[in-house]
Amino acid sequence: MTKRSIAALAVAWMAAGPALAQSMGDLDWYRKNPEPVVQRTPVRDVALALAPGETVLSLAVSRLEPVAALALSVGGRSRLALWDLRQPDRLAPLTLPDPGPDGAISAVAFHPTKPLLYASVKVKDQWQLKELDLKTWRWTVSAVARSALPFNDLRVSPLPFTVKQGNAHRLYFSVSQAGAAPATGSVATTGEQYYQFNGTKPLPVAARSKATEFTEEEERSLPFSDPVASRPVSLHPQGTRMVFQDAKGCWIELAHVADNWQALDAKGSTSPPSRLRQAFPKSLACGPGEGEFLPNGLGWIHWRPSEPGVTLSIGEATARLAGDLRFTSAPRLTADGAVLVGVTAATPAAVAAPGTITVAGGAQALTLRARPVSIALADVVNAGLLTTDAELRLAARHDGLLTREPYEQMHLFYDIENYAVSALSDDPAYPYLVTTDLFWELFSAAYENLFTVSEDETAIPAFTEAVRLLRARVADGTMPSGPLAEKILLAAALMDPDDRSDAVRAAMADPEYQPRGSYQRSPLASRYFTAMRMLTFAKRRPGSTADEVSDPEASEAAEWARMPETVRAPLRRWVGCYLPFIAGTRSDTFFPVGASVPPYAKHPLTKKRLFPLSWGLDNEIFDRVVLHREREGRERVQRQLPSGLDIATVFGNALARSVLAGTSRRSTTTRRRSTSWRRCSRPSGARRR
C-alpha cells in the first residue's frame, strides 16, 4: 500500500480524552469516560430582558448542550440561573448552597465533558468553589476549594489527568488581593493538588484535601521564571493551550509541553506542540477586552467594550460577528459554534423588536441575547488540525479533506498517530478517517484467527469422532451399503493421517475437493477440507441447479434422519462451531443444529443438507440480479454476472445506482429490482429521503 496512506479530517471526540489514554496506556479510560454527545443549538435570534437594575456577574455556556449559566446580582443580592436556548422565554433559577443572608456568587463555569457546573459561592463568611450535578440538581457535600476572597475568572481545563481519587480536570481561577494584581491558582475538580499558578503574593486558598508536595524540579517548572500577576482567560478545547492577561493588559499564551505549562516565547523553552493550528492571534499583544478559543480550536473571538460585536480571527483573516450588537461583557459561543450568547444594554423599547421576548419594567435593563453566527467548520471539533489556509478552504468547501501522508504503509501511520507522541509534547494523537484497509485487515485477522483456532480445537476433532462412529456403523452392517456408506468410509480414511491409499490421494487431487486457502496450513486441515466437502456437498451434474443435485438421495436423507444420538452429538458440536461465523442457511438440515433459513431468502432450497451452508444478504442480492433459467416473469433477469455495485445500490447508494443505470439493459433491471428491495425494507409510514 505504498504512498497510499490517506487521512481525512473528521468530526471527532470532544476534549483530550485520547491524550490521557495514550499517556497512561489505560484503555479503561474510554469505558469510564464515553465520548460526550453535543446537542445542537436552535439557530434563532432571541432576547430575554432581565429585571431592571439586575447585572450579570459571570456568564458561561455549556460544552454539551445549548444552556448558559448566569451569576446575577440586584440590590446587593446574587442569584444563579440557567438559560436554556431551547426554551428561551424564561430563566430557570438554581438554589445556592447555604447562601446565608447575603447570597453572594462571583463566577460560574461548566465542566467540558460532564453535566457539571462549578460556581464560586459565598457560604457564611467564606468563599467556596462548589460543584453542581446538573442531573440530580445537587451540590457536592464539601467545597473543591475555599478562600477568604472571591474566586474570579473560573475556567475548567478540557485536559484530564490522574489524581489519587481517579481521573480529574483542573480548575483555574484568579483571586484579587488588596495592593496586588490578580493572581492565578489551580486545583483539581476533586479538590486535590492545589497550587498557585502565578502571582506576586501567596493566595489565601485552601483545597478540599492536602496538596501534593512538589519536587524541586516541579517547583521550577511553573510557567514563569519571575513572579507574574495574571488572570486566566481561555483554554483551547484540546487543553494544550491557555491564554492569560497580565496586569498591564498584555496577552500571554502558554503551551502544555513535557507535562508542564510554558510561555510560547519563553527563553530556552522546549518547542511547543506543532499539531495544533496557531489559533490565538499573533497580532494581539496588549489591549482591553476579553476573548476565547473557538470550540473547534480553529481560531479566536475577541470582545472589546469600545467596539460592536466581536472580532473573529482565523489565521490572518478577521471578520466581525454580531456587528449590530454592543455587548456589556464578553459573549460566549455555544458548543457547536452556531450561536453567540451575551448581554447587551437596551431600553425596553429597543428590546421589543420582532423575535424578542421581554419582561415588563420601565427602567433601562440588560438583555440576554442569542445571535446566530457563521463560522467555518464550527462543529468540527478537530478543525485545529488544519495548519494551512489552503486546507481550511478545501475542508470548508467540501466538508472534508484528503491529504497525502509521508508513510509507506498504513500501519506506520497508525503507529505514529498513537505511539509517537513524545514526552516533549502532550498534544494528543488525533482521530482521522483513513482508508478502510487497516480496519478490514485487523477485522479479517481477528475473524480468520478465531475461525481457524475454533476449527482446529473443536470442529475437526468433532468431525473426526463422528466419521469414526459412522465407519463403525458401516463395518458392523448397521448402515446399508451404498453411495453414502462409500463416502463415509472415504471420509474416515481421509481423517486417518496414516492412510495414504490411492482413494485418499485421488480425493485430495479432485478439483472439486482439493484443499485451498487456509486449509493448506497443515496436512490434517487439508484432509479435513476434502473429507468435509466430499461428505456434505455433493457434486452437481453439468447444467443442474443448486436444487437439482442428485446426492443426497431420498434414501440417504432418511438414513441421516435415523442416526442415533451417539452420532448426532459430535455432528452437532461440529456444526455448532461454525454457527457464530455464518449467516442463515438456504436449506434445512437433516436434524436440528440451530441454523434456520433467513426471511430474506426468497428461493430456499427444498432438499435438506447435513451442513448449513451460509446464505448471507449479499448472496441473496447477487442471486436476484443474475439469470436463472427456471424463473419466470419479473424474476427472469438477463444478466450473467453480478456486480459489486449491486450491493451498494440495494442499500441506497446513489452513485452506484447511477453507474449501473447507464451501463446496459441489464442495469435497468437491477435498478428496478433494487428499488423494490428498498421498499420492502422501509417500515410502514416511514418517510422516504
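I looked up helix 8 (residues 483–494) and helix 10 (residues 523–536): their axes come within 9 Å and cross at roughly 170°. Axes here are lines fitted to C-alpha atoms, for helices over the stretch in contact, and angles run from 0 to 180 degrees between N-to-C directions. Helix 8 is therefore roughly antiparallel to helix 10, a term for angles over 145 degrees. Helices (H or I, at least four residues) and strands (E, at least two) are DSSP runs, numbered from the N terminus.

I noted that the model is predicted, with pLDDT of at least 70 needed for local features and 80 or more for side-chain atom pairs, while totals for chains, interfaces and linings use all residues. Residues are numbered from 1 along each chain as its sequence is written, and side-chain values use heavy atoms, without hydrogens and water.

Next I listed the contact (heavy atoms within 4.5 Å). Lys487, Ile488, Leu490, Ala491, Ala493 and Leu494 in helix 8 meet Arg527, Thr530, Ala531, Met534 and Leu535 in helix 10. This contact has 8 nonpolar, 1 polar and 2 charged residues. Nonpolar covers Ala, Val, Leu, Ile, Met, Phe, Trp, Tyr, Cys and Pro, charged covers Asp, Glu, Lys and Arg, and polar the others, Gly among them.

I then turned to an open sheet of 4 strands, in the order 3-4-5-6 with antiparallel pairing. Strands pair if DSSP finds at least two bridges between them. Strand 3 (55–61) and strand 6 (92–94) are the edge strands, each pairing on one side only. Strand 3 and strand 4 (residues 67–74) are joined by 6 bridges, and Ser58 stands opposite Ala71 in strand 4.

Definitions and conventions
Parallel < 35°, antiparallel > 145°, perpendicular 65-115°, else oblique.
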